[in-house]
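Me: I would like to go through this structure and ask what stands behind each label. Please set the value against its definition each time.

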Amino acid sequence: MKTQTTLAAAALLLGTAMSPALAQEKIKLGVIVTLSGPGAALGQQVRDGFALAVKDLGGKMGGRDVEVVAVDDELKPDVAVTKVKGLLERDKVDFVVGPIFSNILQAIHRPVTESKVFLISPNAGPSTFAGKDCNPFFYVTSYQNDQVHEILGKVAQDRGYKRMYLMVPNYQAGKDSVAGFKLDYKGEIVEESYMPLNTLDFQPELSKISSQKPDALFTFMPGGLGVNLVKQYKQAGLTDSIPVLSAFTVDESTLPAQQDAAVGMFGGANWAPNLDNPQNKKFVAAYEAAYNGVPGTYAFQAYDAAMLIDSAVKGVKGDLTNKDAVAAALKKADFTSLRGSFKFNTNGYPIQDFYLTKVAKRPDGKFQTEIVQKVFENYGDRYAKDCKAAN
C-alpha cells in the first residue's frame, strides 16, 4: 500500500494522475527497421535516434516505464510481417515504430492497424495511406514520399533550368520520384533514365550526360547506388559543370562513404543538422556524442516519433485503453519537434517546412547537409483532401 501511494503521488506531481496498477505497467514499444544489408545504416539511425529520445525522457513516458523491442525486417516484406506479428502477439506492444522502406510499410500496415495498435512511421510515407485509405491508427513523422522530390522540381523551375536529365532506379519508388519532380518542373527533360537496382557502373550514363550537357541532373539513388554514382560523377569531372539535385542520394547515411566527392551537391529535406533552433542543437550534439556520427533525417524523425508517443501518453494520463482518446492525443502532436513548425494534416501526415540542402565539410572533417533555402512553408501533401477518416 505504501508503494502504491508513493507511485500515485509521483504521478500527480508529474501532472499525470493514474492508477497505481497502470503506473507499474511498462509501455511496450516495438521498433521494426532494416538493420542488415545495404539499408542497415538507415535503420541504425532510426534505432539510435529513438533510443536517444527515450533516454532523454528518463526511460519513461507519461510517468510509466518504457520497454523497447527492436527487430530487423531484413528489407523483406514476408520477414517483416512475421516479425511484426511477433511484436503484436508475443510482446503485446502498445505502439509499433517503423519502418524505413515503403514496401515494408505496405506489408505491415494492415496487420498492425487491424490489431488496433498504433503504427508510427519515422520514415516511409507512401501515398497509399495518405488519401482515401488513411487510417486513424497510422501516423507519419517524416513526410509524404512525393514531397521530397517536389522540392527539387520546384528548385529546378525557380532557378530557370531549361534542360534537365533525370536518372532514377527502375522500380516503383523511382517512377514516383520522377512524378514528384515533374509536378512543378515545366522545362525540357532531355533524358529520363531508369537504371537497374543492381547498377554499379554509371559510366555509360555519365557519358550521355556529358554529351547532352543538361542544365542540371535530378537523381534519386539511395544507399549504395548513390555512393557509386557520386564517386563516379566526381571522377568524370561533371561536378563543377552540371549541378546535381538529388533526393536520398547525399545524406548523413551515405556521406561517410562519399566524403569529398559529395561536397556541393544539393538535396531536398524537411530538416538538416544545422537547423537553427535550441532543441535541434541539443539533439545533434547529444547524438554525435553518443554514436560518433552525424545524425540524418532518419534519426531526427525517430526522435520526434518517440516525443510524439510521449505527448500522447501524457495527454491520456497514461491510460492507453481508450483508443479514440489516444488517437486524438497523437493527432494533437503536443510536443516540440526538432524541426520547429510541425502539425498533423487530416491524414496523419505532417504539415511542415521543406528545404533545399547542400553537402558541406565541417571544420572537424565530418560531412553533413546544410540548409540553403526554404522551398515550401507549412506544406501539406496533395492526397490529404481525399482522407475522410476521423483520425
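Reply: The radius of gyration is taken over C-alpha atoms, and the globule rule is 2.2 Å times the number of residues to the power 0.38. This is a predicted model: local features need pLDDT of at least 70, side-chain atom pairs count only at pLDDT 80 or more, and totals for chains, interfaces and linings use all residues. Residues are numbered from 1 along each chain as its sequence is written, and side-chain values use heavy atoms, with hydrogens and water left out.

Me: How do you know whether the radius of gyration agrees with a compact globule?

Reply: For 391 residues the rule gives a radius near 21 Å, and the protein has 21 Å, so the value agrees with a compact globule. The C-alpha trace spans about 80 × 45 × 35 Å along its principal axes.

Me: What counts as a helix or a strand here, and how many of each are there?

Reply: Helices (H or I, at least four residues) and strands (E, at least two) are DSSP runs, numbered from the N terminus. By that count the protein has 13 helices and 14 strands.

Me: What makes a residue buried, and what share of the protein is buried?

Reply: Buried means under 20% relative accessible area, exposed means over 50%, and partly exposed lies in between (1.4 Å probe, protein chains only). Buried residues make up 55% of the 391.

Me: What does G296 touch?

Reply: Contact means heavy atoms within 4.5 Å. Leaving out residues up to four places away in sequence, G296 touches Q45, E252 and W271. In C-alpha terms, G296 and T369 are 8.5 Å apart in space and 73 residues apart in sequence.

Me: How do you know whether the length of helix 9 fits a helix?

Reply: The expected span is 1.5 Å times one less than the number of residues. Helix 9 (residues 224-235) has 12 residues and should span 16 Å; its end C-alpha atoms are 17 Å apart, so the length agrees. Helix 4 (residues 77-89), with 13 residues, reaches 18 Å, close to the 18 Å expected.

Me: Why are F248 and Q259 called partly exposed?

Reply: F248 has a relative accessible area of 21%, so F248 is partly exposed. Q259, at 38%, therefore counts as partly exposed.

Me: What is phi at F248 and at Q259?

Reply: F248 is not a glycine, yet has a positive phi of about 55°. Phi of Q259, also a residue other than glycine, is positive and near 50°. F248 sits in the loop between strand 10 and helix 10, and Q259 in the loop between helix 10 and strand 11 (266-269).
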